[in-house]
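Hello,

Here is the structure for you to look over. My notes follow below it.

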Amino acid sequence: MPITLLAQLSLRNIVRHRRRNLMLLMAIAVAVLTVLMANTVIRGMQYDLREQTVSNLNGHIKVHAPGYLDDPSIARGFELAAGWEPKINVSEVEGWAARIRIPAVIMSERETRGIQFVGIDPAQESISFLSKAHYDGQPLNTSSDRRIIIGKEMADQLETQVGRRLVIITQGSDGLNREAGFRIAGVYDTEGTAIEKIFVFTGVTALQNMVDAIVVTEVSVRLVDDAFQLSMLDSLLRFFADLEVKTWQQLEPLAAAFFLFAESAIYLYFFIIMTALIFGLVNTLVTSVMERVHELGMLRAVGMRPGAVVMQVVIESTFIMMIGVALGLTLGWLIFQLLPPVLDLSSFSEGFEKFGMPAKIHLRLHVSDMVLITVMSMVFGVLASLYPAKRAVKISPLEALRL
Amino acid sequence: MTRNLHTRIDSSSLIWVTIVFSLVGLTFTDRSHAAEADITAKELVEAAIDQTRGISSYAEFSMVIHRPDWERTSSLKSWTRGRKDALIRFIAPAKDAGNATLKLGNKMWTFTPKLNRTIRLPYSLMSQSWGGSDFSYTDLSRSDNWLNEYDLSIASVTTEDDHKIYTLVAIPHDNAPVVWGKEEMLIRDDYVMLQHTFYDQSMEPLKTLETLEIGERDGRMMATRMRMVKLNAPEKYTELIWGEADFDVELEDQMFTLFYLKSGE
């Protein structure tokens, strides 16, 4: 039996019950729409998290002296010659930054806090969150700038402000304590408060002078694209052979785990929604088969093969699914275009920032995800038609004609 | 030609000599001016600190921690050596007896007999309260970082009951490890510290150590009752009341050791 004839029959069956099938179409469209919207949010959170982790002074790959991660002190620093930037995979690199990062204690007139004291070259920090932060006051000028910049949350906790002096105590290279007063040049504001509570920055040369060691404790590199990470890791492992070279996934295993989990979360969400939907689809198809017992019996009686009956039901289901998915995806794409690129949840829940979670999500719609949804929906459509098709085949022509 | 050149050199070097001399003269006059004020202010503080210490000292005092709903009195003994080393030990009440703090130079240790442990105080704890009082460890340990980290000046001199009272203002240097905006001290001409006020960097007074009674101990006039109070909570304060005090006493060097801190007495 030619497939066109079967398709024609299926289409007619769909058109025959417009209202019922329209309802089903809407249900599929809405389900696909929700899946797609959830997808943009999950993808947004996933990529935001990666961006945050990478720009949170990690870079895509970071180099430490051996033992620094267990005992982060200036004694675990390493020396860098001038023009130290490795000239490898140059086109894949967005930027390099060398820093000192050591634990310290910061004091204001009223409060004392533990911090990570970070010496930076401001010119290199285009690769970290510092370049995107908002400043009250000003950012650091040069690597010998002896002022500090602190986070907004830290400024609140210390009850201090731009222009004030804070006392910072840390350990020098000889193991003895160094304490000195530092003027606040600026107060930075980032998404979430976790970073603001930890990092205090000054010029790297100024910090080297304070601890009496011309070393850095870390070098991080940011790549143009995540895809270059593996080849870069390979090159760096050879270039910094006597140092520890680690990816952001190794440095922040929790973030890396979430990044992977988000991948499965997308599938999980799809399966939950689609499983709910499939019952509706099966129900409708079974009904439509039961309504046509007489007709199907007649077709069988005049010689239609069971395989053709199955095909007919499968085509019907696939048709409905296809139109529903197309409708849902189009609708979703339109809504995505209308939505602002950044979903700002801060007006709904200030608590987000308190937990250190960013309240802003940069929505993302991947074409690959749309293809994935389409393919998986089709598979579901075919699966959903199997049971109704079986029912249709089971109709005995003799009994059906007697009805 | 040669002679010409010579004269030219001579005249130019003469000008140099004049400039150099006038510069030196300037710095000399400048120095002597600043030095006079500087040394006096510095001397005052040094003398005031030494007044309660001497080359060495032994003192018995009690500490009253006052809160709106309770008050606690402890007895303590202290020994000091020079301006840098000190040992303070709680004698009473029984619950605190034996707790001791040792300061050597810039380092501090505490000893708690109940735990039988000495703890080297990390810098992060230095601004914490000492023994639950309104004094911080920094208040105890600070002594002569004064002299290096501040610009000291005498703001005014007043006369009261046949005594001159100097108002000293100490403004920390820009990079000084000092959180205060300024400190202000009232010191009497016999080196008794009358008041010591700490200002934040918007120049609001935050806390003050004031002398409530003055008396004579071992031939020296000194503050015998002092009260530390945070100005935003005047109902909470800590008082130190001096009992016996001896100055320039013979102290064994072993008193200022970790071993002695632990052995207690």
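A nonpolar core here is a set of buried Ala, Val, Leu, Ile, Met, Phe, Trp, Tyr and Cys residues joined through C-beta atoms within 7 Å. Buried means that 20 or more other C-beta atoms lie within 10 Å of the residue's own; exposed means 12 or fewer, and partly exposed is in between, with C-beta atoms placed from the backbone.

This is a predicted model: local features need pLDDT of at least 70, side-chain atom pairs count only at pLDDT 80 or more, and totals for chains, interfaces and linings use all residues. Residues are numbered from 1 along each chain as its sequence is written, while chains are lettered from A and ligands numbered from 1 in the order in which they are written.

**Cores**

The largest nonpolar core has 96 residues. Those with the most contacts inside it are A:Ile106, A:Ile148, A:Leu166, A:Val200, B:Leu168 and B:Ile187. Strand 2 of chain A gives the most to this core, eight residues. Helices (H or I, at least four residues) and strands (E, at least two) are DSSP runs, numbered from the N terminus.

Take A:Leu166. Leaving out residues up to four places away in sequence, A:Leu166 touches A:Ile106, A:Met107, A:Ser108, A:Ile148, A:Leu158, A:Thr160, A:Phe182 and A:Ile184. Contact means C-beta atoms, placed from the backbone, within 7 Å.

Another core, of 38 residues, lies apart from the largest one. Among its members are A:Leu6, A:Ile42, A:Ile315 and A:Val325.

**Where the chains meet**

Chain A and chain B each put 14 residues into the contact. On the chain A side, strand 2 (93–107), strand 3 (112–120), strand 6 (165–171) and strand 7 (177–189) each give two or more residues. Strand 7 of chain A gives the most, with four.

**Chain A**

An automatic or database domain assignment sets the domain bounds. Domain 1 of chain A is 3–52 + 257–402, and domain 2 is 66–242. Their centres, taken over C-alpha atoms, are 50 Å apart.

Helix 7 (residues 253–291) of chain A has 39 residues. Its expected span is 1.5 Å times one less than its number of residues. That comes to 57 Å, and the end C-alpha atoms are 57 Å apart, which agrees. Its buried residues include A:Ile266, A:Phe270 and A:Met274. The buried residues of helix 7 pack against helix 1 (3–16), helix 2 (18–58), helix 9 (306–338) and helix 11 (367–394) of chain A.

**Chain B**

Chain B has four helices and 13 strands. Of its 265 residues, 25% count as buried.

Best wishes

Definitions and conventions: Contact = placed C-beta atoms within 7 Å.
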